[in-house]
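Please brief me on this protein model.

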Amino acid sequence: LIHPEDAPHFREMLGKLHEGKESFSHHQKRLLDPAGRTLWVMQSTTMVRDQARQPLHLIVQIENITQQKLAEEQLGFSEQRYRDTLDSLTDALHVIDENFRIIQVNRRLSEWIGHLNLGGEALNRPLFEVFPFLTDKQRDEYRQVFQKGITHHGEEAVTVGDSALFTEVIKIPILEKGKVTRVLTLIRDLT
């Protein structure tokens, strides 16, 4: 039995196949088993026609993807918990990859970037483009964290426009299979 919320889409798809607007359909939909439980399926449907292009029959292939959908849902919940955790920090946080490109930020860092007029969104931008005031010494600290895999802890005074900041900065290596692939940076405003 087709899930009631998916029935209109299913009827529309069948209509397009029958009318010849489409010859093939590949989509996900929900079914209800005899006990009323929802099953997710991937359905491929092809309309077979005679030489006069009149519909003869459908070829339908259905694959049960319920476990995959449940895993995706759990992953989504996990990602949201992760995001909520990072965003609850009162310290600013960013993660860079080996190319010094920012791949993760929390809400606090985004707020700082806005407050300090540093050019909007930081994601997928080079660290030293987002924070042009960072020095060669700080670049070397990041290189050392990537090369040696040792956390770096320090305090830094910086001036951004009219704002003078004194911060505690912790650069933490993130390892994958024994190699540093990312660096997480926590920035606490001590001003």
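E12 and K16 form a salt bridge (a side-chain nitrogen of Lys or Arg within 4 Å of a carboxyl oxygen of Asp or Glu), with the closest N and O atoms 3.3 Å apart. The two residues are four apart in helix α1, so about one helical turn separates them. The model is predicted: local features need pLDDT of at least 70, side-chain atom pairs count only at pLDDT 80 or more, and totals for chains, interfaces and linings use all residues. Residues are numbered from 1 along each chain as its sequence is written, and side-chain values use heavy atoms, leaving out hydrogens and water.

**Salt bridges**
- The structure holds 18 salt bridges.
- E12 is partly exposed at 44% relative accessibility, and K16 is partly exposed at 29%; buried means under 20% relative accessible area, exposed over 50%, and partly exposed in between (1.4 Å probe, protein chains only).
- R188 and D91 meet in a salt bridge of 2.7 Å, N to O.
- R188 is in strand β8 and D91 in the loop between α2 and β4, so this pair ties together parts 97 residues apart in sequence.
- D91 counts as buried at 12% relative accessibility, while R188 is partly exposed at 39%.
- In the salt bridge of E98 with K179, the closest N and O atoms are 2.3 Å apart.
- E98 lies in the loop between β4 and β5 and K179 in strand β8, 81 residues away.

**The residue K171**
- K171 sits in strand β7 and counts as buried, because its relative accessibility is 1%.
- Salt bridges link K171 in a network with K137, E141 and E156.

**Sheet**
- Three strands form an open antiparallel sheet in the order β1-β2-β3; two strands pair if DSSP finds at least two bridges between them.
- Helices (H or I, at least four residues) and strands (E, at least two) are DSSP runs, numbered from the N terminus.
- The edge strands are β1 (24–32) and β3 (55–64).
- Strand β2 (residues 38–49) pairs with β3 over nine bridges, and Q43 has I62 in β3 as its bridge partner.

**Core**
- The largest nonpolar core has 26 residues, and I96, I102, L127 and F131 touch the most other members.
- Such a core is a set of buried Ala, Val, Leu, Ile, Met, Phe, Trp, Tyr and Cys residues joined through side-chain atoms within 4.5 Å.
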